[in-house]
Amino acid sequence: MGHSFIEQVHYIRIPVKDLEQSAQWYRDIVGLQLVTITEDPFAILKVNEGSFLLILVPTEDETFAHFTINNDAAFSIGFTSPELSKFHLHLIHNGVKVEDIQEDHGHAYFHFYDPNGNKLQVHW
């Protein structure tokens, strides 16, 4: 095709059960910047100084921001962290459900779950 009309991914929306609690968790535990909680309502969080936003959308439905492969949860959202081991310990110390750090072809990663059961990945 050669030319894309898409410049970048601006935001991703994920479902949450408790908007206030989830917004605080992503701010305090993950370290994202809480921009606002709107009247709609949803929460807008910013990842560092870039243009990427994470939007938390409240729902009563049993739905997640990940999918399954052979009945196993597979993440949809992957973050990067140059301090992978420190972040892993930080999550553990804060009672977050965290999987062990894995290595694959020269990079390390692990999976963790937000309070709503959304499976996420962080790697470096």
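User: How do the residues lining the largest cavity divide into nonpolar, polar and charged?
Analyst: The lining of the largest cavity holds 3 nonpolar, 3 polar and 2 charged residues, where Ala, Val, Leu, Ile, Met, Phe, Trp, Tyr, Cys and Pro count as nonpolar, Asp, Glu, Lys and Arg as charged, and the others, Gly among them, as polar. This is a predicted model, in which local features need pLDDT of at least 70 and side-chain atom pairs pLDDT 80 or more, while totals for chains, interfaces and linings use all residues. Residues are numbered from 1 along each chain as its sequence is written, and side-chain values use heavy atoms, with hydrogens and water left out.

User: Which residues line that largest cavity?
Analyst: The lining consists of Pro15, Val16, Lys17, Thr59, Asp61, Thr63, Phe64 and Asn116. On a 1 Å grid over the protein atoms alone, a cavity is a set of points where a 1.4 Å probe fits but cannot get out, a pocket is an open set with protein on both sides within 12 Å along at least five of seven lines, and lining residues have an atom within 4 Å of a point.

User: OK, and what lines the largest pocket?
Analyst: Its lining includes Val30, Leu32, Lys46, Asn48, Phe79, Phe87 and Val122, and the lining as a whole divides into 6 nonpolar, 5 polar and 1 charged. Strand E7 (residues 77-80) gives the most to this lining, with 3 residues; helices (H or I, at least four residues) and strands (E, at least two) are DSSP runs numbered from the N terminus.

User: Switching to H2, which residues are buried?
Analyst: In helix H2 (residues 84-93), Leu84, Phe87, His88 and Leu91 are buried, with buried meaning under 20% relative accessible area, exposed over 50% and partly exposed in between (1.4 Å probe, protein chains only). Seen down the axis of H2, these residues fall within an arc of 105 degrees, so they line one face of the helix; the arc is that of the directions from the helix axis to the C-beta atoms.

User: And what is exposed on the other side?
Analyst: Lys86 and His93 are exposed there.

User: Last topic: in which sense do E1 and E4 pair, parallel or antiparallel?
Analyst: Strands E1 (residues 11-16) and E4 (residues 53-58) pair in the parallel sense over 6 bridges, pairing requiring that DSSP finds at least two bridges between the strands. Within that pairing, isoleucine 12 has leucine 54 of E4 as its bridge partner.

User: How many bridges between E3 and E4?
Analyst: Strand E3 (residues 43-46) pairs with E4 in the antiparallel sense over 4 bridges, and isoleucine 44 has isoleucine 55 of E4 as its bridge partner. The hairpin of E3 and E4 has 6 residues between the strands, and in it asparagine 48 takes a positive phi near 50 degrees.
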